[in-house]
Amino acid sequence: MDVVKIEKLCKMYQLGTFQLSALCDIDLIIQQGQYIAVMGPSGSGKSTLLNLLGCLDRPTGGRYWLGGKDVSELDDDQLSLIRGKHIGFIFQSYNLIGQLNVIENIELPMFYQGFSEHDSADHAQKLAEMVGLGDRTKHRPSELSGGQQQRVAIARALANDPTVILADEPTGNLDSQSGAEILSILDELHRQGKTLIIVTHDDHIGKRAQRVIHLLDGRIDRDEFNHRR
Amino acid sequence: MRWFTIKKTAKLGIKSLWMHKLRSTLTTLGIVFGVCSVVAMLAIGEGASRETQAAIARLGSTNLIIETIKPPQEQADTGKVEAMRNYGLTYADAETIHNTIPYVEVTVPVRELDQEARYLNRQIAIKIVGTIPWYTEISPIRLMRGRFLGSTDLQYGQAVCVIDEQVARELFAFDDPIGTDVRIYGNYYRVVGIVTQAAAVRLKEEPAVGDKSGGVAGYIYIPITTAKRCFSEVNYSFSGGKQSLEKVELQKITVKVRSAEQVLPMRDILDVLLARLHKAKNDYHITVPLEMLRYAAAERRRSSIVLGSIAAISLLVGGIGIMNIMLATVSERTREIGIRRALGAKKRDIVIQFLSETLLLTLAGGIIGIILGSVIPFLVTYFSRQPTAITGVSLILAFGISAAVGIIFGLYPAYRAANMDPIESLRHE
Ligand SMILES: Nc1ncnc2c1ncn2[C@@H]1O[C@H](COP(=O)(O)OP(=O)(O)OP(=O)(O)O)[C@@H](O)[C@H]1O
Ligand SMILES: [Mg+2]
């Protein structure tokens with residue numbers, strides 16, 4: 001099944017009189033369960049693509065089907081709903097909310113989807129245990145290491161059992177040890193059948209992925225499958 | 001909205017306000033003072049309003065009260081010591097008013113005397129009210145037992161009296177006063193009835209008897225004819241090394257008209273009539289309870305405007321302060337907003353989050369303001385003896401005002417927060 005289908009997707013930025021084309025004519029089909037790395041030099045449009053895939057941004061041209069549904073012309077509320085239900089974000093800088101503890105952070109996506117208090121607390125506890133933080137549920141993000149924070153972020157991304165998980169340089173801020181831990185969790189998710197799209201500069205991740213999409217100047221330069229796996 | 005959502009939002013709001021305790025406290029001060037002055041203002045206004053209402057009920061809104069006043073002393077430099085000063089309202093005045101003015105309903109003359117009443121071995125200071133049976137129509141007294149003075153009593157100057165509740169209690173204690181005789185100034189009066197002041201006119205700080213009851217236990221009503229027969233109208237007094245004799249027939253004449261519209265025309269008529277009867281003696285004064293109501297209303301309006309402006313200004317300043325702080329909060333928490341948006345929060349969710357935070361702030365301020373504002377009226381009553389009354393409506397209003405301030409001044413910051421671009425916010429440091 002095609003989880004993501006993109007046709008002639010464009011993103012232009014108007015900078016004064018100058019039109020900057022951050023993404024141009026992207027065609028892409030991603031199947032359920034694929035593990036994809038998006039690579040490319042700085043400024044090539046990786047984050048822009050991820051934001052579009054994550055419905056945080058609207059394309060200036062082209063079409064986008066997420067799980068078979070055309071999401072290219074939805075309004076803000078509908079996009080918020082899609083993000084909450086179908087997208088799991090993992091950011092380079094973790095982006096946990098400092099005032100909330102681990103459990104509360106993991107609960108957030110469920111809160112916005114109207115889960116009951118009991119269900120979301122239970123589910124959040126399970127997710128925390130799954131990423132190995134079952135004993136840190138009452139801690140604040142500031143009391144956790146970077147790797148632990150990123151694991152909380154992964155648990156949060158999984159909260160609503162999203163259609164795709166999008167990660168923008170998830171190991172960018174981590175040392176190699178914690179980075180490796182994160183990557184093994186991502187591998188595990190892949191084994192469970194999740195669709196993962198990971199932006200990275202790291203060739204190791206590129207090697208672990210099933211498929212590597214190379215961007216260059218807002219275009220798809222190469223789209224390779226790793227058959228070794 | 002679900003209860004869980006409300007709980008969670010409130011908890012979050014409290015948490016983030018708690019993070020900036022000092023800031024939150026300082027911000028709410030404007031609301032505290034504003035709400036405080038609203039509550040105090042309403043309590044003082046309500047107290048004043050009840051006071052006038054009670055006064056009106058006591059004095060009667062369709063009554064005009066003419067009272068004897070002591071005219072200014074004639075110049076001492078004439079050297080002549082006046083043998084006897086003869087002033088004040090007379091029986092003739094009452095007659096003339098009753099007979100010449102067509103739409104007077106009743107004219108009730110009153111003679112007041114400070115006396116002592118005795119029963120068995122008990123003795124108390126009382127005020128004698130010599131009047132006519134129609135006194136009941138101009139005064140809010142209510143018959144508890146027996147009867148009031150009748151026209152036969154008046155006609156024959158019977159030695160009967162009607163006592164009020166206080167006298168009954170103090171003089172008779174557990175005995176039944178009706179049918180017994182009270183001794184006043186050497187004469188015995190048969191008690192025929194007991195009256196009480198209507199509940200509506202009683203005031204907290206005042207003994208339940210009528211006006212100016214300095215040091216008397218209560219009132220005893222006797223027929224005015226009896227009063228004329230038994231008590232001299234000449235009053236001897238010795239003060240400041242000077243002796244003086246005064247003759248006063250009546251202390252008061254109350255004129256009752258049929259409707260409130262006739263009160264003011266009647267005042268003019270009485271003015272003209274009495275001016276003619278009393279030449280330029282300046283020995284009477286007309287009180288119009290209805291006008292008191294008007295003065296009181298005007299006075300209240302004036303003070304409401306002053307206090308209301310103070311309240312409005314502090315609420316406005318407080319509201320602007322809160323808006324300012326909330327704008328600062330919103331920009332501090334830009335990244336948090338971006339995260340929430342990425343995790344599925346709709347604009348509405350963000351609006352609710354920040355609006356409820358503002359609302360919590362103003363409601364907390366409102367509650368503190370209500371508490372402080374409820375204390376002030378007690379202090380006012382304690383120190384200035386001015387009655388005050390805190391009503392439930394005023395508290396609800398004050399609470400409503402703080403909620404309204406929260407919503408009005410919280411809406412813009414919340415709207416700003418909700419409309420931030422998620423990507424920009426996520427990039428924000
Ligand atoms: N809001 C914006 N306004 C104008 N130009 C933008 C905006 N966002 C991105 N761009 C431009 O779009 C292009 C692609 O940016 P993008 O952030 O996608 O790059 P990237 O591949 O993620 O780079 P990096 O590896 O450094 O994160 C860049 O040239 C950038 O300057
Ligand atoms: Mg990037």
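This is a predicted model: local features need pLDDT of at least 70, side-chain atom pairs count only at pLDDT 80 or more; totals for chains, interfaces and linings use all residues.
## Interface between chain B and chain A

The contact draws on 31 residues of chain A and 28 residues of chain B. Together the two chains bury about 2600 Å², and carbon and sulfur atoms account for 56% of that area. On the chain B side, B:Phe4, B:Leu343 and B:Ile423 contribute 23% of the area buried against chain A, more than any other three residues.

Eleven residue pairs are in polar contact between chain B and chain A, counting pairs with both residues at pLDDT 80 or more. Four helices of chain B each give two or more residues to the side that touches chain A: H1 (3-19), H10 (334-342), H11 (347-384) and H13 (422-427). Of the elements on that side, H1(B) gives the most, with ten residues. Sorted by class, the side of chain B that touches chain A holds 13 charged, ten nonpolar and five polar residues.

## Salt bridges

Side chains of opposite charge can pair when their charged atoms come close. Over all chains, the structure holds 34 salt bridges. Five salt bridges are found across the interface of chain B and chain A. A salt bridge joins the side chains of B:Lys15 and A:Glu104, with an N to O distance of 3.1 Å.

Within chain B, B:Lys70 and B:Glu246 form a salt bridge in which the closest N and O atoms are 2.5 Å apart. B:Glu246 belongs to strand S11 (residues 242-247) of chain B, while B:Lys70 sits in the loop between strands S1 (63-68) and S2 (85-86) of chain B, so this pair ties together parts that are 176 residues apart in sequence.

## Domains of chain B

The domain assignment divides chain B into domain 1, made of residues 2-55 and 295-427, and domain 2, residues 110-247. The C-alpha centres of domain 1 and domain 2 of chain B are 56 Å apart.

## The sheet in chain A

Chain A contains an open sheet of four strands in the order S2-S1-S4-S5, with antiparallel pairing. The edges are strand S2 (18-31) and strand S5 (69-70) of chain A, each of which pairs on one side only. Strands of a sheet pair through backbone hydrogen bonds, either parallel or antiparallel.

Strand S1 (residues 2-15) of chain A is joined to S2(A) by ten bridges, and these two strands run antiparallel. A:Met12 has A:Ser21 in S2(A) as its bridge partner. S1(A) also pairs with strand S4 (residues 61-66) of chain A, over five bridges and in the antiparallel sense. Here the bridge partner of A:Cys10 is A:Gly61 in S4(A).

S4(A) and S5(A) run antiparallel and are joined by two bridges. A:Leu66 has A:Lys69 in S5(A) as its bridge partner. S4(A) and S5(A) form a hairpin with two residues between the strands. In the turn of this hairpin, A:Gly67 has a positive phi of about 60°.

Key: Residues are numbered from 1 along each chain as its sequence is written. Chains are lettered from A and ligands numbered from 1 in the order in which they are written. Side-chain values use heavy atoms; hydrogens and water are left out. Contact means heavy atoms within 4.5 Å. Buried area is the accessible area (1.4 Å probe) that two parts lose on being put together, summed over both. A salt bridge is a side-chain nitrogen of Lys or Arg within 4 Å of a carboxyl oxygen of Asp or Glu. A polar contact is a pair of N or O atoms within 3.5 Å; within protein, one must be able to donate a hydrogen and the other to accept it, and residues adjacent in sequence count only if both atoms are side-chain atoms. Ala, Val, Leu, Ile, Met, Phe, Trp, Tyr, Cys and Pro count as nonpolar, Asp, Glu, Lys and Arg as charged, and the others, Gly among them, as polar. Domain bounds come from an automatic or database domain assignment. Two strands pair if DSSP finds at least two bridges between them.
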